[in-house]
Amino acid sequence: MTTRHEALEIPEILRRISSYLPGPDFTSCLQTCRSFHTVLSPLLYSTLTLCPKDDKRPSPEAVLKYIHLIGHIKFDFFISTQYLRLGFKNLHSITISNRWAPEKKDYQFKKDGIDSEILEALLLVIRENPALRKWTLYNPSPRPSDKVWRELSSLKKTDPPAGGQPVPLLPGQNRGIDILDISHISVTQDAKLWFLRACADARELRVCSVSFMVAGGKPDNCQLFLRPPQGRKVEMVDVKGYNVIEQLMFLSHFVEAQSITWMSPVAGQMPIQTLPLPTLADLKQIIKPTTWPKLRALNLTRSSGQHIVKFSDECIAHILDCLPEHQLEEFKLQGSTFGPLGAKALKTQLPCLKDLRLEPDGIDGQSELIQEVMESCPKLKVLRAGMFSVRHMRQGKPWICHGLKELAVHVDLESDRDGAAIDKKVHKDPAYWSKYSSSRRYVFEKIGKLTELVELDTSMPINNSQRGMSYISLSRLYRDPYWTLDYQLPHGLEELAELKKLEKLDFSNTLQDILQTDLEWMLENWPRLNMVTGDLYWKADRQKKLAAFLLENGIQIGRSRGNK
Amino acid sequence: MTVILVSSDNQDFKVDKEVAERSILIKNMLEDVGESDSPIPLPNVTAAVLTKVIEYCEHHRNDPVQVPEETDDPRKRSNDIEEWDMKFMQVDHEIILAANYLDIKPLLDVGCKTVANIIKGKTPEEIRKAFNIVNDFTPEEEAQIKKENEWAEDR
């Protein structure tokens, strides 16, 4: 038999082979010979994960042996000191978390070293690892002291430019962390200045669930930057201790920002929220055309169920008007009103828009905008919004967003009814049925041309706010399928035959009457389908049978969400 | 349209352009050369191996072009090799080397998975036997490496 080891002598090939090996076989390879060991140990030691729950972790001696290979350490502070002092020199990223807080009975997870020792060891690591510029902190305990933040806020980049002569550091340049990702931390008064400076210097900043402990309950001036913030990507979610206006002012300093994600404080949460909500006049002071000249992505989000500060339509429109034309690629708005003024301001961004997500906002509110988006956004990849009426589809131009991958809208066929009364007897009238059916076919024809679709969601809101009832209960009340998209062959399902990349289909909260033949058609025509969400039929017994059929064929049944 | 590939032992192979372009190396060469008819030399691939590689590319000519992996999943499965491919790979490890040189990622993956399947379940001594590898560790070194990496067995 020919010897096979020549292929194994090539490091990339050996590494590729080892990526298919489970743990015990990988370690067997390590023991085989020196060259395997040299090629494969970086794969094992480039990231060091220390978790109190794992009995199996490399001993400090082993770590010491491979320490030059370790680029990323991930650990809970609880077990850190003995490792932190080993002398890492090549770290580029670090993750500190406190997800596994030991309970009293876990005596073996006794915290190793007192707080100050741990923090001293951390300071040592910071100083000895000049390339350590990616920091992720999740609820670290002990809380980093002001010394730690001070050290982090004065990092100097040490890569000299080619040519050798070190360039004198300009204020704000060549300094600071590349990625700073902080969540579930509270920041004391004395640490605050350094913390904010470290934030200001980060190229990519994520601040989530951070509480600033402000002395005496008085708001203070957080404009303590002696240099402008550097962040290109900023995410600020659930920050306590500063009110809306202060947070917005903080964000308005990020002149280099290409992407901003912000969840404004929950309204009226703490007594410290004494300043009023921003009016349009306030906003005009804070946000100007010079504020975010490089912005490509703007996400004003909220957590589900939380009531945040709502900006009015004119405020949103003002923000959009301040952005350079033809530059915004991503816009997500949740919790604030997106009305006609906002829609008008968004027009200048349509040619470059790739990702648009608006919260559904009442019947027909967004329908005209959605049609405009479909016919004017050639680069669109994701659209999630509210009601989209057939009336606007018919009135508008053909859709040009052929690259669309995700579409989630409430398709409303009601407008095609032209106000015809809902009459229990009407469902016996063939003319009614053919008009109803042709509406659905029309919509399917249009959607069927979006051949890049991966996710299609035509679910309805669980409560139809203006009518106060869900589409399902309305349908059952009138004993006929209400005017929603039925995924059935007689109603035009075959128009969707070209959606070969479709993976997920969602029709929650619509009354469906799907048969097994329809499902068989779906399986045949959508080879990548893996999830279907929504009731296939409103009666439990047939629903169960159909669901079982899908499961047999490898399709997961998704869980319906409530309001989108 | 056909192209001519020349192996290291100077044998000519006439292949459809579409089939040859399964190799990214050849594809890039053809782009550089343009419309010219000149044969493409492959000095690192013998005729025997090239025959097998062409056979693989012919069989898979209609497969979608693979997109480069974006993330590395350390637990990639190796049990999803097509039956035809499994029989194909029983022949020669030189195909792996050729696939690496010609940059035909799907063929390289199949080869690597096949070798991984050979390694699975073997002790280090058995692995050495299977691949004719010399053990250049002292017994103490070997024991030490085994002990210090015991934690990784749960990977």
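Buried means under 20% relative accessible area, exposed over 50%, and partly exposed in between, with a 1.4 Å probe and protein chains only. This is a predicted model, in which local features need pLDDT of at least 70 and side-chain atom pairs count only at pLDDT 80 or more, while totals for chains, interfaces and linings use all residues. Residues are numbered from 1 along each chain as its sequence is written, chains are lettered from A in the order in which they are written, and side-chain values use heavy atoms, with hydrogens and water left out.

**Figure 1. A:Gln366 in a loop of chain A.** A:Gln366 counts as buried because its relative accessibility is 2%. The residue is placed in the loop between β11 (355-358) and α14 (367-376) of chain A; helices (H or I, at least four residues) and strands (E, at least two) are DSSP runs, numbered from the N terminus. The side chain of A:Gln366 reaches the backbone oxygen of A:Glu359 at 2.8 Å. From A:Gln366 to A:Lys288 the C-alpha to C-alpha distance is 27 Å, and the two are 78 residues apart in sequence.

Figure 2. Chain A has 19 helices and 17 strands, and 52% of its 564 residues count as buried. Contact means heavy atoms within 4.5 Å. Among contacts in chain A between residues at least 6 apart in sequence, 75% join residues at least 24 apart. A nonpolar core is a set of buried Ala, Val, Leu, Ile, Met, Phe, Trp, Tyr and Cys residues joined through side-chain atoms within 4.5 Å. The largest such core holds 183 residues, of which A:Trp135, A:Phe331 and A:Tyr487 touch the most other members. Not counting residues up to four places away in sequence, the residues that A:Phe331 touches include A:Leu298, A:Ile316, A:Leu320, A:Phe338 and A:Asp355.

**Figure 3. Helix α3 of chain A and its surroundings.** Seven of the eight residues of α3 (residues 23-30) of chain A are buried, so the helix is largely enclosed by the rest of the structure. Among these buried residues are A:Asp25, A:Phe26 and A:Leu30. The buried residues of α3(A) pack against α2 (11-18) and α4 (34-45) of chain A, and also against α6, α7 and α8 of chain B. A:Ser41 is placed in helix α4 of chain A and is buried, with a relative accessible area of 4%. Leaving aside neighbours within four places in sequence, A:Ser41 is in contact with A:Leu30, A:Tyr66 and A:Leu69.

**Figure 4. The interface between chain B and chain A.** In this interface, 47 residues of chain B are in contact with 40 residues of chain A. The area buried between the chains is about 4100 Å², of which carbon and sulfur atoms give 61%; buried area is the accessible area (1.4 Å probe) that two parts lose on being put together, summed over both. There are 11 residue pairs in polar contact between the chains, both residues at pLDDT 80 or more. A polar contact is a pair of N or O atoms within 3.5 Å; within protein, one must be able to donate a hydrogen and the other to accept it, and residues adjacent in sequence count only if both atoms are side-chain atoms. On the side of chain B that touches chain A, α5 (94-102), α6 (105-119), α7 (124-131) and α8 (139-148) of chain B are the elements that give two or more residues. The largest share, nine residues, comes from α6(B).

**Figure 5. Salt bridges between the chains.** The count between chain B and chain A is three salt bridges, a salt bridge being a side-chain nitrogen of Lys or Arg within 4 Å of a carboxyl oxygen of Asp or Glu. In one of them, the side chains of A:Arg16 and B:Asp109 meet at 2.8 Å, N to O. B:Glu148 forms a salt bridge with A:Lys65, and the closest N and O atoms are 2.8 Å apart. This pair joins two chains, because B:Glu148 lies in helix α8 of chain B and A:Lys65 in helix α5 (residues 60-65) of chain A. B:Glu148 is buried at 9% relative accessible area, whereas A:Lys65 counts as partly exposed at 34% relative accessibility.

Figure 6. Chain B has eight helices and three strands, and 39% of its 155 residues count as buried. B:Arg128 and B:Glu125 both lie in helix α7 of chain B, three residues apart, about one turn of the helix. Their side chains meet in a salt bridge (2.7 Å, N to O). B:Arg128 is buried, with a relative accessible area of 4%, and B:Glu125 is partly exposed, with 42%.
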